[in-house]
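My entries are below, in the order I made them.

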Amino acid sequence: MTVRSGADDERSASDARRSATLPGRFAGRNALVTGAASGIGKATALRLGREGAGVACLDRDAAGLDMTVAALAAAGARAEAIVCDIAKSADVARASGRAIEAVGPIDALANVAGIGDVSGHDGIENLPDDRWQRVLDVNVNGAFYLCRALLPAMAGRGFGAVVNVSSLAGRSKSANANLAYTTSKAALLGLTRHLAFDYGRRGVRVNAICPGGVDTPMIRSAAALAAASPEASAARAKGLAAYQFFMPIQRMSTPDEQAAAILWLLSDDASYVNGVSLDVNGGLYMA
Ligand SMILES: NC(=O)c1ccc[n+]([C@@H]2O[C@H](COP(=O)([O-])OP(=O)(O)OC[C@H]3O[C@@H](n4cnc5c(N)ncnc54)[C@H](O)[C@@H]3O)[C@@H](O)[C@H]2O)c1
């Protein structure tokens with residue numbers, strides 16, 4: 001499957017047109033987005049800002065965050081860059097406090113940051129403790145720490161929405177990353193449903209999206225890794241051919257197409273949607 005083509009440039013232009021014409025669904029609201037330095041998190045932060053939200057942008061990548069916040073400022077949005085390793089409980093507690101100080105009470109939380117890993121592809125015995133643990137620390141614990149830091153205050157105000165970014169891997173299995181990644185993304189769906197039950201009655205909706213392939217640095221790094229050996233490259237080509245056969249929309253999504261789904265779930269347009277795992281994968285996985 002092609003990672004980038006001329007059609008992608010047209011699609012980016014149409015993404016920009018679509019975002020530019022949306023009404024201010026988030027005017028007067030504040031959002032916190034993790035993973036805001038790159039890919040889906042960056043697209044989500046930019047859309048939220050363009051639609052009127054004040055945006056606290058969290059990531060461990062300070063330079064990437066600065067670029068996101070500069071783009072938000074250029075669009076006239078209130079935004080703050082907060083460097084944070086979401087895998088660390090104390091760091092998340094500090095960063096959440098800083099976010100509220102900088103932009104105000106948080107009404108919308110997008111847990112987007114995540115990592116992949118390929119160790120253990122050739123057998124569970126080759127997946128060491130530290131690699132397994134790191135994926136779960138970032139992908140599951142990070143979202144848990146953020147929810148714990150922000151949901152009680154949302155419930156106190158009787159209003160809020162959360163979107164956790166899971167994956168097609170959480171609904172089925174990962175095509176690119178390892179067992180730890182699949183496990184972490186399935187766990188996020190459990191976190192989503194349990195919180196949706198506990199907090200729905202207190203005015204806070206909690207949902208997840210499950211993207212398929214999205215053209216971001218994460219998926220490009222999987223392609224680069226496969227290119228390193230002829231065997232890995234052949235295995236990837238075989239996998240992609242199977243993927244493409246089952247893919248009704250014959251392309252990867254743009255980050256902005258995922259951001260659009262996140263914003264819908266965070267917005268009042270989805271006021272009766274709670275506890276869902278929304279498949280945003282072009283029909284690759286239908287359930
Ligand atoms: N790209 C895909 O094909 C795809 C498919 C399904 C799901 N997803 C999920 O979408 C989310 C976003 O991925 P993306 O494709 O935009 O990737 P990306 O690599 O472009 O962005 C991920 C961001 O998360 C940040 N991050 C990673 N670990 C962090 C940590 N410990 N603390 C703070 N920030 C951290 C990175 O610095 C980066 O800015 C991830 O949760 C990923 O699992 C991606």
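**Entry 1: the model**
I note at the start that this is a predicted model.

**Entry 2: the ligand site**
I began with where the ligand sits, and found it in the largest pocket. I counted 29 residues around the ligand, of which Ser38, Asp59, Val112, Tyr181 and Thr216 come nearest.

Which helices supply at least two residues each to the shell around the ligand? I wrote down α2 (39-50), α5 (129-157), α7 (179-200) and α8 (217-226). The most comes from α8, which gives 3 residues to the shell.

A polar side-chain atom of Asp59 is 2.6 Å from an oxygen atom of the ligand. For Ile40, a polar backbone atom lies 2.8 Å from a ligand oxygen. With Arg60, the pair is a backbone N or O atom and a nitrogen atom of the ligand, at 3.3 Å.

**Entry 3: Ile219**
I stayed with α8 and picked Ile219, which is found in this helix. Is Ile219 buried or exposed? Its relative accessible area is 14%, so I put Ile219 down as buried, the limit being under 20%. Leaving out residues up to four places away in sequence, Ile219 touches Asn176, Gly213, Val214, Arg236 and Met252. I also checked Ile219 against Ala177: they are 42 residues apart in sequence, and their C-alpha atoms are 9.4 Å apart.

**Entry 4: Cys57 and Thr68**
Cys57 is in strand β2 (residues 54-59), and Thr68 is in helix α3 (residues 62-74). Cys57 counts as buried at 0% relative accessibility. Thr68 is buried too, with a relative accessible area of 0%.

What does Thr68 touch beyond four places in sequence? I listed Ala36, Ala37, Lys42, Ala45, Leu46 and Cys57. With neighbours within four places left aside, the contacts of Cys57 include Ala36, Ala45, Leu65, Thr68, Val69 and Leu72. Glu80, Ala81 and Ile82 are also among the contacts of Cys57. I then looked up Cys57 and Thr34, which are 23 residues apart along the chain, and got 6.3 Å between their C-alpha atoms.

**Entry 5: Asn281**
Asn281 is in the segment after β7 (277-280). At 6% relative accessibility, I recorded Asn281 as buried. Which backbone nitrogen does the side chain of Asn281 reach at 2.8 Å? It is that of Gly283. A polar atom of the Asn281 side chain also lies 3.0 Å from the backbone nitrogen of Leu284. Apart from neighbours within four places in sequence, Asn281 is in contact with Leu168, Cys210, Pro211, Gly212 and Met247.

**Entry 6: Ala102**
I finished with Ala102, which is in helix α4 (residues 89-103). Its relative accessibility is 32%, which lies between the 20% and 50% limits, so Ala102 counts as partly exposed. I compared Ala102 with Ala261: the two are 159 residues apart in sequence, with 26 Å from C-alpha to C-alpha.

Methods: Residues numbered from 1 in each chain as written. Predicted model: local features only at pLDDT ≥ 70, side-chain atom pairs only at ≥ 80, totals over all residues. Heavy atoms only, no water. Helix = DSSP H or I, 4+ residues; strand = E, 2+ residues; numbered from the N terminus. Buried < 20%, exposed > 50% of the residue type's maximum accessible area, 1.4 Å probe, protein only. Contact = heavy atoms within 4.5 Å. Near = heavy atom within 4 Å. Polar contact = N/O pair within 3.5 Å; in protein donor to acceptor, adjacent residues only side chain to side chain. 1 Å grid on protein atoms, 1.4 Å probe; cavity = no way out; pocket = protein on both sides within 12 Å on 5 of 7 lines; lining within 4 Å. Sits in = over half its atoms within 2 Å of the grid points.
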